[in-house]
Amino acid sequence: MPYRFITTLLLACLANTCPAQSTQPQIELTHLDTIDVPGFVCEIVDYCASEQLLLSTDSHWKTLDVFKVTSLDPPIITAIDFDDETPNVAEGIAVVREPTSVAVHPTQPIALVTVLGRLPGDGGTVFGFDLREKTLGRMILKQPVGPHPDSIAISPDGKYAIVACEAERHPDAPGEVWVIDISSLSPDRFARDGELPAHAVPGLKKLLGMPESEVEPEFVAFDPQSRFAVISCQENNLLLTLDLQTGVPTFGKPIYLTAGAEPDGVSILDNVQNPEGKTGCLVAAAEEGKLSKYGYMQGHSVSFHWLDPNDLSTDATPMSRVDVRLLVKPSEPESRRDPEAVKLVHFAGRTIAVGTTERGDYFYALDLADPTKPRLIDKFKIGDRPEGLILVHHGEDLIAITGDEGSYGPGTLSFVRIHAKN
């Protein structure tokens with residue numbers, strides 16, 4: 001009886017039938033389309049607005065797939081072919097080995113792509129590509145980094161690229177967070193111009209009290225003002241904070257999550273108040289979770305944490321944690337959902353979070369007017385096994401785009417319109 005009561009209460013709080021405040025617009029979500037792509041899979045995505053290009057990683061063909069965007073709403077895209085030898089098949093930019101992540105520069109037509117090494121434990125590579133029409137796909141950077149680079153993000157000010165090197169599948173390889181100084185990066189450079197200043201941030205062993213080989217950095221997100229970054233460590237149930245205001249990037253205090261959380265995607269939003277009325281940053285973590293040795297599911301939630309961006313030596317404040325299984329399909333509370341990605345955004349005077357579940361193929365949105373009491377806006381199914389997630393401004397709307405891995409073909413791209421109705 002107590003469990004049933006608590007579950008019912010939670011669902012009542014999350015239900016999208018709760019009335020919105022009269023001063024706020026109503027948020028409407030529309031699944032615009034899900035489009036098959038030429039590759040067998042479609043994973044991490046990003047968008048270059050200046051060139052109207054949508055990019056996605058393809059682990060099957062080991063390419064960076066590139067799509068010309070004619071329209072975002074309705075979605076009209078065309079795959080660009082970089083290999084003339086195979087007729088009637090649009091093949092992306094070959095990167096030789098498996099690409100794991102892609103990030104577009106905030107102010108320049110440049111894409112950075114992380115690529116695995118030849119063997120588990122080998123160092124990976126960050127490739128840079130020119131996205132301008134006349135020189136599209138030209139390599140401008142070949143930068144070595146740590147073992148198994150799993151995620152890359154670029155600071156909004158264009159100063160740093162941070163790479164989470166998971167060192168997966170090799171027990172002795174160190175997990176590392178790499179910082180690359182890209183302040184001099186230009187689409188006019190050549191790969192032969194050499195490497196950029198880069199290093200693995202020291203201090204993980206001392207910070208976490210464990211060997212670097214046991215640390216597995218997974219995903220990177222930046223504060224919108226480039227003051228700090230957060231890196232999820234999936235196997236360690238924690239989030240690393242990285243202070244970028246100290247001259248030399250330095251680890252701050254970790255955010256420890258519940259056992260079995262296994263965080264994957266993370267996101268940061270500034271100008272959010274904590275319960276005491278202090279303005280700081282909200283951090284969201286998609287807790288992918290797992291089946292425990294006792295036979296019950298752990299994680300499968302999205303959690304929210306507040307922190308002071310100017311003092312990363314203090315503890316983050318837990319705000320709330322929502323069980324995504326109850327959120328997307330309450331009738332199946334024990335089914336795996338595997339929250340994969342989450343994004344925070346201020347939109348139309350509202351604070352919202354959108355996310356995806358790799359299992360069940362759901363897209364959902366939460367109202368965070370009170371981050372301690374998230375409220376469901378809407379949910380629906382999209383493409384098969386969504387992984388990557390981005391938000392693109394389109395007039396007064398937002399367009400959410402997901403890279404859907406699929407079950408070995410075809411991968412898809414899903415488009416969702418987020419609209420404020422007054």
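Which residue stands opposite Val416 in S32? In this predicted model, Ala400 takes that position, and the views below begin with the strand concerned.

**Figure 1. Strand S32 and its two antiparallel partners, S1 and S31.** Strand S32 spans residues 412-421, and because 7 of its 10 residues are buried, the strand is largely enclosed by the rest of the structure. Strand S1 (residues 26-36) pairs with S32 in the antiparallel sense through 10 bridges. Within this pairing, Leu413 of S32 is the bridge partner of Ile35. Strand S31 (residues 397-404) also runs antiparallel to S32, joined to it by 7 bridges. Here Ala400 is found opposite Val416.

**Figure 2. The stacked aromatic pair of Phe363 and Phe380.** Phe363 is buried, at 0% relative accessibility. Phe380 likewise counts as buried, at 16%.

**Figure 3. Two arginines over the face of Phe190.** Arg138 lies over the ring face at 4.6 Å from the ring centre of Phe190. Arg192 also lies over the face of Phe190, with a distance of 4.2 Å to the ring centre.

**Figure 4. The cis peptide bond between Asp73 and Pro74.** Most peptide bonds are trans. The bond joining Asp73 to Pro74 is instead cis, with omega at about 5 degrees. Pro74 lies in the loop that runs between strand S4 (63-72) and strand S5 (75-79).

**Figure 5. Positive phi at Lys62 and Ser226.** Most residues other than glycine have a negative phi. Lys62, although not a glycine, has a positive phi of about 60 degrees. Lys62 belongs to the loop between strand S3 (53-58) and S4, and its relative accessible area of 33% makes it partly exposed. Ser226, also not a glycine, has a positive phi of about 65 degrees. Its loop lies between strand S15 (217-222) and strand S16 (228-233). In contrast to the partly exposed Lys62, Ser226 is buried, with 10% relative accessibility.

**Figure 6. Cysteines Cys48 and Cys281 in a structure with 0 disulfides.** Cys48 is buried, at 3% relative accessibility. For Cys281, the closest cysteine sulfur is in Cys233 at 19 Å, again too far for a bond. Cys281 is buried as well, at 0% relative accessibility.

**Figure 7. Model confidence and the segment of residues 1-22.** The protein chain has an average pLDDT of 91, and 93% of the residues score at least 70. Over residues 1-22, however, the pLDDT is below 50. Beyond near neighbours in sequence, this stretch has 23 contacts in the model. Where pLDDT is low, the predicted coordinates should not be read in detail.

Notes. Residues are numbered from 1 along each chain as its sequence is written. This is a predicted model: local features need pLDDT of at least 70, side-chain atom pairs count only at pLDDT 80 or more; totals for chains, interfaces and linings use all residues. Side-chain values use heavy atoms; hydrogens and water are left out. Helices (H or I, at least four residues) and strands (E, at least two) are DSSP runs, numbered from the N terminus. Buried means under 20% relative accessible area, exposed over 50%, partly exposed in between (1.4 Å probe, protein chains only). pLDDT is the predictor's confidence in each residue, from 0 to 100. Contact means heavy atoms within 4.5 Å. Rings of Phe, Tyr and Trp (its six-membered ring) pair if their centres lie within 6.5 Å; planes under 30 degrees apart count as stacked, over 60 as edge-to-face and the rest as tilted. A charge sits over a ring if NZ of Lys or CZ of Arg is within 6 Å of the ring centre and within 35 degrees of the ring normal. Two strands pair if DSSP finds at least two bridges between them. A disulfide is a pair of cysteine sulfur atoms within 2.5 Å.
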